[in-house]
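Me: I would like to go through this structure and ask what stands behind each label.
Reply: Go ahead.

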Amino acid sequence: MVDIMRYAKNVRQTTLSALIGLIGGNSLLVICGAIASIAAGNSDLTGVLLTLGLVVPSIILMTTNIFTTNASNIYSTSLNLSNTFHMDRKVLISIILVISLPCSP
């Protein structure tokens, strides 16, 4: 978030864009999810997609969701640590990956 918001011209723009994205986007997603959940009779996203016959999109959705979340976390962590320790970000990403790989289930 900070990486994107650095292009805002002032604090007002940053706050307004975050609020619009959070309130507008989140509300729309919750409403769409509620409609699909009611239609399928299931509250689990994977179950809803499977009920609607969307097996392949369900697998793609879950895989890309995990990948993008982890990529974002690694990027954010590398930025924070590179600023803290004054090291190259690429070196820190390599260190983070080497440490986190054995910890994964």
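Me: Why is serine 82 called buried?
Reply: Its relative accessibility is 11%, and buried means under 20% relative accessible area, exposed over 50%, partly exposed in between (1.4 Å probe, protein chains only); serine 82 therefore counts as buried. The model is predicted: local features need pLDDT of at least 70, side-chain atom pairs count only at pLDDT 80 or more, and totals for chains, interfaces and linings use all residues. Residues are numbered from 1 along each chain as its sequence is written, and side-chain values use heavy atoms, with hydrogens and water left out.

Me: What does serine 82 touch, not counting residues up to four places away in sequence?
Reply: Serine 82 touches Met87, Arg89 and Leu92, where contact means heavy atoms within 4.5 Å. Serine 82 itself lies in helix H4; helices (H or I, at least four residues) and strands (E, at least two) are DSSP runs, numbered from the N terminus.

Me: What makes isoleucine 59 exposed?
Reply: Isoleucine 59, also found in helix H4, has 53% relative accessibility and so counts as exposed.

Me: How do you know that the span of helix H2 agrees with its number of residues?
Reply: The expected span is 1.5 Å times one less than the number of residues. Helix H2 (residues 11-40) has 30 residues and should therefore span 44 Å; its end C-alpha atoms are 42 Å apart, which agrees.

Me: Which residue follows H2?
Reply: Glycine 41 does, with a positive phi near 75 degrees.
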